[in-house]
Amino acid sequence: MRFQGIRGILIGLGVFGLATPVSHALEGENWWIGGRIKQGVSVAYDLPGQSDKAGPANFLAEVNGNWQPSDDISVKGSFWLRGDLNANNGPDTRQGGIQDFTSAGFRDQFGFNTNGRGSGFPGEPFGADQEELELFDDFNEEVIREASIKYRDPDGRFAFKVGKFQRGWGQSDGLRLLDVLHAQDLRERSVLRDAEDTRIPSWMATLDLDFRNMGIAGPFEALGMHRPALELVVIPEVNHSRFIVNNPTPSSAASGGIWGFPFPRLIDSKSNQGLGFIGVDLGENEVDSFELDNSEFGARLKFEALGADWTLNGFYGQQDLPVVALQGSNLIVGSPLGDPTGSTVIPLDVANTVGAAHAPGQYLDFLRSLPTGPIAWPLGAFGCNDPTVTAPNCALNLDFDLDYDYRQKLVGFSFTREMRELKLGPKNVSPVMRLEFSYEFDKPFNKATVVTPFGEVETGTTALVIDPSQSIVERDQWSLMVGFDYFLWLPFWEDQRSSIFTSFQFFNIHTDDGDELFFQAPYSAAGSRVPENHNYATFLWNLGLMQEKLFIEGLSIYDDDFDGFIHRQRVDFNFFGDKIRPRLEWVHVDGDDEQGIPGLFGNSDYIEASITVQF
Amino acid sequence: MKNRSIKKILLAGVLSMAVSGAVAAAPWVEQWQAFAASTGDPNHAKWAELIASPEAVKLAEEWAKLRGYTASELIAKADIPADLKPGLVINRDNMGSYSWLKDYLPPAIMAQLQSTDWFKWSEIHIVPTNSYYMSRGTLEATREAVEQGRKFNATPEGNLLTEDGQHALATQGALPFIHPSNGLELNWQFVAHGVSIDNLAFKPVVFDVCDSSNKIERQYEGHLWWQKFHGRNDIEPLGSIPNKEGIVEGGGMYFLKPFDIRGLAAVRLRYAAADRDDDFRVFIPGLRRTRVLAGSDGQDPMAAGLEITWDEWRSYWLKTNPEAFDYKLVGETFILAQPETGHVYNPAVRDESRCHVEKVELELRPVWILEIDDKRGDYQYSKRRIYIDKENYYMQHEEMYDQRGNLWRVWDDVRDFDPKSGQAMWKTVLEWNPISNRLTHLLMDSSWETIHKEPSTTTFDIDQLRDYR
């Protein structure tokens, strides 16, 4: 019923958009209202052990407007209603669930249906509805993309903007070094989406000061810093990045579809056994918004020197991505799949959870003894059957918080310069060099190796089952991007009408003692760690053909350390006037399981066909 | 019937002399008044009234005195065919009757007059020749320079310097070569014409993209600004815009339509120094980020599907570079060109498709022919042939040839020229591509009422322009 309503709205808006000529847009002397309706359908073609299936059918209805009551004041609004028509209505697609206790060494995973309840035990006992993806309709958090007012001083000395909006920093594409003012919404698609679409706008205020127009540029000019300007940012509404972990644990089940973060493989690094009978309840430890103590502050000094544009950036904010913090666990007596319904639930605090896992003779010792001869089953006293003897009836659901309550302290600079001294190619075009550097202080990580209170050294997933004070450490991290943009004219293409825009970037992200750290907890398969110097390379190109009616764009990212590769290919068919914008988009991700970002989405390849009607 | 028309024209002339205080009117004014009376077209009457205003006539005559001639005088001295006169109507059917037409009509326009399918120019109406000139401030600055005997130096490196070695266009407001003796001087005089106003604002400019089937393929709309940063003679602040040292001028544009490019903003600044490429920045709404583009490459279309490249922004935006280009003054002639009557009316009327010209007025203009040859073969055009008006030093017509020597693009425009002030913006631009049969038509709404306050100090700051709307 809900979808029929959404479809009705979309069809109505689409018809309205098609029926309204561009020249008849809703507008007046100083105001304008426009919008677009986008509907996509997709095919997911790289599902493990499954045939091709219908993927997300994302839709977006967007209405934008602006009003300029005077030359110095502009008011803007932008509102989105988006979702996925295939969420809960599409075909079953299967991903990995908790460790399969019927498999050898518990090393396989039960299946997990990303579109509702699984087909049942054995094989696919789990699944979840894609509730969050169906319709993003939280007015403040999801519908308002911009509601702002800006005042510009007529003499150009300052500009003040307040409201809900977003602002981009830095020059990097694909990876964020300085573009840190906003968290990201990674729920619909996590990789290679447009920055505008993924940034989460915040209620914030900015003040731009032009030092020359203010008459205070002298000291900067004396230092060779020309046209200095300062941007100050205050963000009282703190957001963290949003994503969905495809969690099979019945008490915390969630599905983000093919772009949900996969449930991690829970493998004991010592025995190489799967951690059978273990589920995970996920909670969040968020920062309270609109409190001065938690607000985010940014400053950016912009100037020109040595023929280049420079920025010096500083940000005192909050972390967008979490670390994992153990909060305790629930022993589920009555369900080996961790389903508390109809079971007895015995809560354990952190200390008892750590003990149940690591203490001599407890869970991990039992697990590790299985290949050579099991020791005594440690949970018999709770009424749990020994799984080596009879049908299991218990599970332990670990309770983890995704903890965002850490400050992000970052400084950096960017440098952009057209290399005028260098003229290349058949038309003697200069490349544009981009350089970006950031240094983040005390970035929190989960430790991949810990010493338990019982003197055992644990590495990998089992190291997360520890008091957070031992699990979470902070490291300084610096990142460097060197990039070149170049407008390519081909010498053998005589009729080339427009250049091919190309952009190459190389990244190095340095973290001290990275091999002790999870790249992103809890993913730890095959020892995935933070490389001391993590290198990426990206390449972006776009090309217009047929008088730019056929527009082709490719964006690739290569993760050198994890040997991962992501490619996004877009083809826009702008053959149908100004109202209709068809697009084909192909996303290919190749990476080893849980090895860096590509490894998380190695089976998320899809091709999407979309059509946008704009008015 | 013919005698009655002549009587009407004479009577109109007499009446206009009476209105203007019995002072002999300038010849172009007389001709226009007579022509307006003969056509009965209110647009013609309004235009004739405007150019007859005392301040317009005075300004025109002062410019004529400075340069030493008017277009009317040059035409009067030339051997012009007797039937090439106001009121003549030329179309495809009768054009064969005028053997002289090929000598006065640029070949690209002749082709469109002959066209039976793509981008037809159906009917040409000959109107009287006007007098065009620049602003009073430019007049006075140039006159002073001439009287003082100031010399300008067009260097082989591509700089235009004053006698004390400063960049002329970044320090003063006089035109450098009112009597150009070679192609490089003519090029600089044309460049110094700039946009013929200190501040320019189009609100909006509408781009219609016509395909080879004469259908509107795309339409763009945006607001566009231009500002002369130095040598400002007419609009406050006079002299120089603060904090723009070394920068000659700037242009900014904010796209409003279609929806998917709304918010795209571009700022391009032209440095005076020959060895400094333009500062070219674009705010990309999809990224919410400003990108620096290569100022050395202005050869891409301004937007998808347009024939206008960044180097044709305000008709000619290629940086002067004698090392890369030959600038040749190849001749002088008279051509038929659209009158700059945009302040009152558009002399070209499109048909319903908006991709054909149903009727267009042309007037006879004295021009220099400037050819700019690409010496290295690495520019998009092997040659530009520009017909530069001898009165106002702005182009009347431009042909651009590809590297194989084929005519690739043609520019023909109508200025929004205010005869009273001598300032000008634009009304329309036609840029067509005879190879792929595509047309870009620009229609500008010059914002005369706001140019005293815009562009503002923030217009050319891309970080401010991005929030314009």
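In chain A, residues 24 or more positions apart account for 66% of the contacts with a separation of 6 or more, a contact being heavy atoms within 4.5 Å. The model is predicted: local features need pLDDT of at least 70, side-chain atom pairs count only at pLDDT 80 or more, and totals for chains, interfaces and linings use all residues. Residues are numbered from 1 along each chain as its sequence is written, chains are lettered from A and ligands numbered from 1 in the order in which they are written, and side-chain values use heavy atoms, with hydrogens and water left out.

Chain A has 10 helices and 30 strands. These elements are DSSP runs numbered from the N terminus, with helices (H or I) of at least four residues and strands (E) of at least two. The radius of gyration of chain A is 27 Å, close to the 25 Å that the globule rule gives for 615 residues, so the chain is as compact as a globular protein of that length. The radius is taken over C-alpha atoms, and the rule is 2.2 Å times the number of residues to the power 0.38. The C-alpha trace spans about 80 × 60 × 55 Å along its principal axes. Of the 615 residues in chain A, 60% are buried, that is, under 20% relative accessible area (1.4 Å probe, protein chains only).

A:Pro392 lies in the loop between α8 (363–369) and β19 (394–403) of chain A. Beyond residues up to four places away in sequence, A:Pro392 touches A:Phe101, A:Phe277, A:Pro336, A:Asn385 and A:Pro387. The C-alpha atom of A:Glu62, 330 residues apart along the chain, is separated from that of A:Pro392 by 52 Å.

The contact between the chains takes 74 residues from chain A and 57 residues from chain B. About 5400 Å² is buried between them, with carbon and sulfur atoms giving 36%. This buried area is the accessible area (1.4 Å probe) that two parts lose on being put together, summed over both.

Chain B and chain A share 16 salt bridges, each a side-chain nitrogen of Lys or Arg within 4 Å of a carboxyl oxygen of Asp or Glu. One of them joins the side chains of B:Glu245 and A:Arg212 (3.1 Å, N to O). On the side of chain B that touches chain A, the elements that give two or more residues are β6 (216–228), β7 (247–257), β9 (279–284), β10 (289–293) and α10 (462–465) of chain B. The largest share, 5 residues, comes from β10(B).

Note on methods
Buried < 20%, exposed > 50% of the residue type's maximum accessible area, 1.4 Å probe, protein only.
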